[in-house]
Amino acid sequence: MKKVFTDANVVSMASDIRDSTGYQCQPNTAIAVENGKIVAVGQQAKQLDWPTQSLKGCLVTPGLIDSHTHLVFAGNRAGEFEQRLNGVPYQTIAKQGGGILSTVNATRAASEETLLALALPRAEALMRDGVTTIEVKSGYGLTLEDELKMLRVARAIEQHLPIKISTTLLAAHALPPEYQHDADHYIDYICHSVIPAAAEQQLADAVDVFCEKIAFSVDQAEKVYAAANAHGLKIKAHTEQLSDLGGSVAAAKAGALSVDHIEYLSEADAQLLAECGTVATLLPGAFYFLRETQLPPIQALRDNQVPMALATDFNPGTSPFASLTLMMNMASTFFKLTPKENLYGVTRHAAQAMGLDNKGQIAVGFDADLAVWHCQSPAELSYMVGTAPLAGRIVGGTWYDNQGSR
């Protein structure tokens, strides 16, 4: 399919964040697409004698990328939310079968059809916010069968909706009841059974580990990274969310695409992230929901030129927010990121955090995934929340309006 989208106010993100040109609006710009790829931008695109569609002067950015979600799960933890606000300690809730275990039990009991039916409206909510690509983690199954079930459901989302999905195996999310007090054997099970099966069935693009005192140690995480590398899977990591264990450094040295959360990352370790090319993914939704007060070392990340991505961390326990533009606003209010840093964080840097070299920029050779906004400037995307400025999305070169219809 060939088409030229005309009269676009383009913000290309096609330069390094230190170069201002990528964030500058380019008015009255044409974008030519063919077979899902951008083949020309600007005057060369205007000269093509192809079918055209005017974007009516709207702001056009790369399609937004949510690089960290837990979109597939069953159950609802609104009751726990209310209990905690009424003063019930989390430990009491956990003893009653609440917390992450309640999501694990509900997810294990749900069929693939049920999980898919629950996941689709969550993905649609992100689509209405300009998202064209989502990373979806497993991690609420914690058995071979249930982790693969979650990954199959995640893969199935893009068969039902105009959205691109990348999947991440997060079997090392929590210690399942079957392995209580035996974390090492559970890690062995992940390394020798779950990762090989996910790789063989091509259900996972990456492997993730929750490296924290309440989850898995650095040594255990390193075993998972080694198994992922041995099976050709990318690495991501939940690190330094609650304490500085050194998990980010270990993940970066193992080749991690990103380390996520990182509120407790030491300033000194930012330099190593830069040397390893690892993206720092910030998750302001969890920061807000957990009433965290420890700020990630933003200035150290800037000083060392570490790419910063932003994501929703959409999940039922600590970040029940399906809005990436809300995260952009939170990143500015909590972390003092600029609107420019935010937009890089949900486009170019988010693509880097997922190892997607063909997304996140409006440039020749990149995927024709675009978000079209009723905005005059990109700063508006970080500024105002709830006004639904999305006019439509272009996914693989095909136009969809803000309700997802062609």
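A residue is taken as buried when its relative accessible area is under 20%, as exposed when that area is over 50%, and as partly exposed in between. In the predicted model described here, Thr398 has a relative accessibility of 18% and therefore counts as buried. Thr398 belongs to strand E16, which covers residues 398-401, and, when neighbours within four places in sequence are left aside, Thr398 is in contact with Met1, Arg393 and Arg406.

The contact with Met1 leads to the other end of the numbering. Met1 lies in the segment before strand E1 (2-10) and, with a relative accessible area of 47%, is partly exposed. Residues up to four places away in sequence not being counted, Met1 touches Val33, Glu34 and Asn35 as well as Gly397 and Thr398. By contrast, the C-alpha atoms of Met1 and Pro89 are 57 Å apart in space, with a separation of 88 residues in sequence.

Asn35, one of the residues touched by Met1, is placed in the loop between strand E2 (26-34) and strand E3 (37-41), where a relative accessible area of 60% makes it exposed. Most residues other than glycine have a negative phi. Asn35, although not a glycine, has a positive phi of about 50°. A positive phi is also found for His261, likewise a residue other than glycine, with a value near 90°. The setting of His261 is a strand, E11 (residues 258-261), and His261 is buried, its relative accessible area being 3%.

For the protein chain as a whole, 16 helices and 16 strands are assigned. The radius of gyration is 21 Å, close to the 22 Å given by the globule rule for 406 residues, so the chain is as compact as a globular protein of that length. The C-alpha trace spans about 65 × 45 × 45 Å along its principal axes. Of the 406 residues, 59% count as buried, and the accessible surface of the chain comes to about 15,900 Å², with 50% of this area belonging to carbon and sulfur atoms. Among contacts between residues at least 6 apart in sequence, 71% join residues that are at least 24 apart. The charged side chains comprise 30 positive and 43 negative ones, and the centres of these two sets lie 5 Å apart.

A search of the whole structure for disulfides finds zero. For Cys276, which is in no disulfide, the nearest cysteine sulfur is that of Cys211, at a distance of 15 Å, and Cys276 itself counts as partly exposed at 34% relative accessibility. Cys375 is buried, with a relative accessible area of 4%.

Within the helical part of the chain, Pro196 lies in helix H7 (residues 183-200) and counts as buried at 18% relative accessibility. Leaving aside neighbours within four places in sequence, Pro196 is in contact with Ile190, Cys191 and His231. The C-alpha atoms of Pro196 and Ile165, which are 31 residues apart along the chain, are separated by 21 Å.

Definitions and conventions
Residues numbered from 1 in each chain as written. Predicted model: local features only at pLDDT ≥ 70, side-chain atom pairs only at ≥ 80, totals over all residues. Heavy atoms only, no water. Helix = DSSP H or I, 4+ residues; strand = E, 2+ residues; numbered from the N terminus. Rg over C-alpha atoms; globule rule 2.2 N^0.38 Å. Buried < 20%, exposed > 50% of the residue type's maximum accessible area, 1.4 Å probe, protein only. Contact = heavy atoms within 4.5 Å. Areas by Shrake-Rupley, 256 points an atom, 1.4 Å probe, with all protein chains shown as cover. Lys, Arg positive; Asp, Glu negative; His and termini not counted. Charge placed at Lys NZ, Arg CZ, Asp CG, Glu CD. Disulfide = S-S within 2.5 Å.
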